[in-house]
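This report describes selected features of the structure shown below.

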2 protein chains.
Amino acid sequence: MRATFLDAPGEIRVGDTAEPTLEQPTDAIVELSASCICGSDLWSYRGINTHSGEPTRIGHEYCGIVTEVGADVTSIKVGQFVVGGFFTCDNTCPHCRAGFQSVCQHLGFYLGCQAERIRVAHADGTLVATDTHPNAALIPSLLACSDVMGTGWHAAKMASVQPGMTVAVVGDGAVGLCGVLAAAHQGAERIIAMSRHRPRQQLATEFGATEIVEERGDDGVARVLELTDQIGADAVLECVGTAGAMTQALGCVRPGGMVGFVGVPHGVDVPIRTMFKRNVGLRGGMAPVRQYLPELMELVISNVIDPGKVFDLQLPLEEAAEGYRAMDERRAVKVLLKPFAAN
Amino acid sequence: MRATFLDAPGEIRVGDTAEPTLEQPTDAIVELSASCICGSDLWSYRGINTHSGEPTRIGHEYCGIVTEVGADVTSIKVGQFVVGGFFTCDNTCPHCRAGFQSVCQHLGFYLGCQAERIRVAHADGTLVATDTHPNAALIPSLLACSDVMGTGWHAAKMASVQPGMTVAVVGDGAVGLCGVLAAAHQGAERIIAMSRHRPRQQLATEFGATEIVEERGDDGVARVLELTDQIGADAVLECVGTAGAMTQALGCVRPGGMVGFVGVPHGVDVPIRTMFKRNVGLRGGMAPVRQYLPELMELVISNVIDPGKVFDLQLPLEEAAEGYRAMDERRAVKVLLKPFAAN
């Protein structure tokens, strides 16, 4: 079958590889309807994450049809349309039962989901099936649930967004945009999206942003304070992971408020004395997407949310290299890859 | 009137000083039924906080009878018994209305509450009156609401303690002990108090601790994990403020859990990548005691909680120096000072 390989930083190749096979009785094989490129894949593509020197499979978002299940798989059936989060989990351990599947005691990651077919470990725990096969038009939004929508949703949950709140979102990538959508759906009254890119501003507005702040750093903080009578936002979603984004997030939040953070922290120093003085809280991590999948997929299927709009470029899997270039050069927010021409 | 002065680190003196007078129409004068020595007063006493070189008034916890009110004071009346938090606030600004009076836009501090009488700014905002004068036996517990009980309560709130939870409390000072009492009252099912001092262990148990962990550092973390089937506590109250205490708190909490912190951070580095990986949250600050005062005072008056037990030494105000020595040498958990021999 065909799959993407990162041969070296900047070098994406689509090549032949062995078909995945059941390795454990709890595994399933899924033929992918769609996969995509994640902002976090760019860390490897850009050589910021160390490359092993060997061609490496890549990708961790997908949806598709189950073609095979192991002997111990009981709830997932061959022929079902499924979405999985960007990690595998048993969904039965104490951390999973508490809703934090991203810290599952049997947490696992995929070999690479930019491919025709994948093996999914702990299929019963990892996969969520739809009742019937969805309309093709829903595929992008269902795919988005696999990571970016679940991650934006988590940011809003960790920031304790409540109905009526004013929420600021730092970051206008796919996760930040999904954070806007999540905050809107969780009842935020005002949503301040921090973005200086016109097309992203427009999508933020479609997703529910009521105000756009183009300024960054101290100027961005000043603008949010100005918009909130010098009080600050009730909750802030930090969807980047850089020191600058965290400083901006902590500066924008009102005393007593919460910052939900889902960007993997890179070089972030937490100003604990300032947090103490302003009684500002900080909570986040890798999103337990599996917790949110059933709810988010239902919202997509019933046409309440449409996070698939973050995909502004769709390409055949064979053209994955162009997809990476487009995201690297910020010509695309997020690229959907179609393994089969028929899709 | 008489009041304590810190003449230099280690040198507490009770001396004469001018009577407080109304300076603003929103002020009140309160004759104190009781005051006390705070663990944080020891920072100055020990010379860890810089001393100005001049004799300095000290103390910030009190309860007593209103003797005078300014022209603009409307809700507080002369003759009422009142408790105030350890700071003054207007209780009307946006931060106060959101329940974070400790970040009030008109936040203020006292000149020194280890005295016969004090001036209270923003009396209507700061003070909470009882319906009738309380029985003398309730004075210690009402006094405790002024700081340590409100602060322990805040730690539990910031840690999002919920009924049925397993809660660990780091710190066996008056605040930590009140944190145990708060967690118990907020519905924690199991409370693990971390303490190696027998009398404090005993009081923790009286306050609701179900288990005691004597070990500290890595050993303390290992013991809490052992007690919780390697899962960790659902919520942890960090009531010290040192790097060691924070490390212990973050190590004891389960993935997805919250650490509520109320110890002023001293030399604390927040391991943000570990927080991210374990999805552990951190929230806290100077406690908005004013938010909790009405509820806590009612719980004291109706004999539901008795935080006054943290006072294991009562002295006349004139013997304040001995009170400081007793706390400094850890002979006493917390010292109550009585301005009037008649008390």
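## The hairpin of β1(B) and β2(B)

In this predicted model, two residues separate the strands of the hairpin formed by β1(B) and β2(B), and G10(B) adopts a positive phi near 85 degrees there. The strands themselves, β1 (residues 2-8) and β2 (residues 11-16) of chain B, are antiparallel and are paired over six bridges. Within this pairing, L6(B) has I12(B) of β2(B) as its bridge partner.

Strands of a sheet pair through backbone hydrogen bonds, in either a parallel or an antiparallel sense.

## Helix α7(B) and its two faces

Helix α7 of chain B spans residues 198-207, and its buried residues are R200(B), Q201(B), L203(B), A204(B) and F207(B). Because these residues cover an arc of only 165 degrees around the axis, they lie on the same side of α7(B).

After the helix comes G208(B), which has a positive phi near 125 degrees.

## Salt bridges within the chains

Side chains of opposite charge can pair when their charged atoms come close. Over all chains, a search of the whole structure finds 40 salt bridges. One of them joins the side chains of D16(A) and R2(A), at 3.2 Å from N to O. This pair links distant parts of the chain, with D16(A) in strand β2 (residues 11-16) of chain A and R2(A) in strand β1 (residues 2-8) of chain A, 14 residues apart. D16(A) counts as exposed, at 59% relative accessibility, whereas R2(A) is partly exposed, with a relative accessible area of 25%.

In chain B, R119(B) and D27(B) form a salt bridge whose closest N and O atoms are 2.7 Å apart. The partners are 92 residues apart and link distant parts of the chain: R119(B) belongs to strand β7 (residues 117-120) of chain B, and D27(B) to the loop between β2 and β3 (28-36) of chain B. D27(B) is buried, at a relative accessible area of 1%, whereas R119(B) is partly exposed, at 28%. Another salt bridge is formed by the side chains of D306(B) and K309(B), at 3.1 Å from N to O. Both partners are partly exposed, D306(B) with a relative accessible area of 30% and K309(B) at 37% relative accessibility. In chain A, E19(A), E31(A), E116(A) and R117(A) are joined into one network by salt bridges that share partners.

## The interface of chain A and chain B

The contact between the chains involves 36 residues of chain A and 36 residues of chain B. Together the chains bury about 3,000 Å² between them, with 66% of this area on carbon and sulfur atoms. I272(A), F276(A) and N279(A) provide 25% of the area that chain A buries against chain B, more than any other three residues.

## Symmetry of the two copies

Chain A is superposed on chain B by a rotation of 180 degrees with 0.0 Å of shift along its axis, at an RMSD of 0.0 Å. This is the relation of a two-fold axis. Among the residues of chain A, L282(A) comes closest to the rotation axis, with its C-alpha at 2.7 Å. Since 97% of the interface residues of chain A are also interface residues in chain B, the copies meet through the same surface.

Technical notes:
Residues are numbered from 1 along each chain as its sequence is written. Chains are lettered from A and ligands numbered from 1 in the order in which they are written. This is a predicted model: local features need pLDDT of at least 70, side-chain atom pairs count only at pLDDT 80 or more; totals for chains, interfaces and linings use all residues. Side-chain values use heavy atoms; hydrogens and water are left out. Copies are superposed by least squares on the C-alpha atoms of residues with pLDDT of at least 70 in both. Contact means heavy atoms within 4.5 Å. Two strands pair if DSSP finds at least two bridges between them. Helices (H or I, at least four residues) and strands (E, at least two) are DSSP runs, numbered from the N terminus. Buried means under 20% relative accessible area, exposed over 50%, partly exposed in between (1.4 Å probe, protein chains only). The arc is that of the directions from the helix axis to the C-beta atoms. Buried area is the accessible area (1.4 Å probe) that two parts lose on being put together, summed over both. A salt bridge is a side-chain nitrogen of Lys or Arg within 4 Å of a carboxyl oxygen of Asp or Glu.
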